[in-house]
Amino acid sequence: MAAHSEAPSTFGSRLRDDVIHAREYTLFTLLLGSPFLPRALRRVIGILGGAHLGSSPGPLYALTGDPRNLTVGRGVYFNRNVTIEAVAPVRIGAHSAIGMQVLVMTSHHEIGADGTWSDEATGRPVDIGERVWIGGRAVVLPGTVIEDDVVVAAGAVVRGRLTARGVYAGVPARRIRELGPSSARPSRDATAAVALAVAVAASATEASPSAGGAVRRGGRRDRGRGRAVRRGAPDERGRAGPVVGIRSAAGRSGGVTLSPGG
């Protein structure tokens, strides 16, 4: 499979692209994601760049594309190393949580009937609803719609539409559990996060084999019971993270990693 041939680039066009990329990286990665700048100042930098930010970006955050395409609601939590590609509009609803190293993509290369792909990217918007929890290292593909009150397990690859009040896991992500009616906003208390992770772990063994791809393996092992437990990284306030993975005595995946801490 080959790309459509395009007119060769010139030194001037390459230099212009390099300058644009350097400006983008300086403003929207080095500064917008700098852990040495206060959250409020990082938010101001994003707003001055054209983004619509109701919440501050997290540390080591990276934004590519057009910042004017990004809309973030109030009360959104970003963990470390989140990357958003805003070639097309990206909306993240209020009181959502985005785990470490989550990647949100919007650029797409069309494939023609003859099997060749275009090197001209087209944008497909991504819409993430309110009270959505996306686990660490999940990938959200171009054109995805995630409705309100959805939990995405760590490592999932998300495409299409994820309907409200459900847990999704796997590659591609599939619905493995129903969730009850939503509350006004999720609790940030670590104890509540542990309770949610343990509850899902107890029921996920009956849900779907695809959940196994989203389990965090390793960690401290309880040799008496044959289970491995891993705790998430502490948050920026220094509090210990919740339990994010449990393995059963038989070696099967006994749960999904749900913590935004990854």
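Which polar side chain lies 3.0 Å from the backbone nitrogen of Val87? Select Thr106: a polar atom of the Thr106 side chain is at that distance from the Val87 nitrogen.

Before going on, note that this is a predicted model, in which local features need pLDDT of at least 70 and side-chain atom pairs count only at pLDDT 80 or more, while totals for chains, interfaces and linings use all residues. Residues are numbered from 1 along each chain as its sequence is written, and side-chain values use heavy atoms, with hydrogens and water left out.

**Thr106.** Stay on this residue, in the loop between strand S8 (103-104) and strand S9 (107-108); strands here are DSSP runs of E with at least two residues, numbered from the N terminus. Thr106 has a relative accessible area of 0%, so it is buried (buried means under 20%, exposed over 50%, partly exposed in between, with a 1.4 Å probe and protein chains only). Show its contacts (heavy atoms within 4.5 Å): leaving out residues up to four places away in sequence, they include Glu85, Ala86, Val87, Thr122, Arg124 and Pro142.

**Arg124.** Move to this contact of Thr106. Arg124 forms a salt bridge with Glu110, with the closest N and O atoms 3.6 Å apart (a salt bridge is a side-chain nitrogen of Lys or Arg within 4 Å of a carboxyl oxygen of Asp or Glu). Glu110 sits in the loop between S9 and strand S10 (122-123), and Arg124 in the loop between S10 and strand S11 (126-128), 14 residues apart. Both ends are partly exposed: Glu110 has a relative accessible area of 41%, Arg124 one of 33%.

**Arg131 and Asp149.** Next, select this salt bridge, 2.6 Å from N to O. Both residues are buried, and Glu130 joins them in a network of salt bridges. The whole structure holds seven salt bridges.

**Tyr61 and Phe78.** The structure has one aromatic pair. The ring centres of Tyr61 and Phe78 are 5.5 Å apart and the planes are at 75°, so the pair is edge-to-face (rings of Phe, Tyr and Trp, its six-membered ring, pair if their centres lie within 6.5 Å; planes under 30 degrees apart are stacked, over 60 edge-to-face, the rest tilted). Both residues are buried.

**The sheet.** Finally, switch to cartoon. Five strands make an open sheet with parallel pairing, in the order S2-S5-S8-S13-S16 (two strands pair if DSSP finds at least two bridges between them). S2 and S16 (157-158) are the edge strands, each pairing on one side only. Strand S13 (residues 139-140) is joined to S16 by two bridges, and Val139 has Val157 as its bridge partner in S16.

Technical notes. Helices (H or I, at least four residues) and strands (E, at least two) are DSSP runs, numbered from the N terminus. A polar contact is a pair of N or O atoms within 3.5 Å; within protein, one must be able to donate a hydrogen and the other to accept it, and residues adjacent in sequence count only if both atoms are side-chain atoms.
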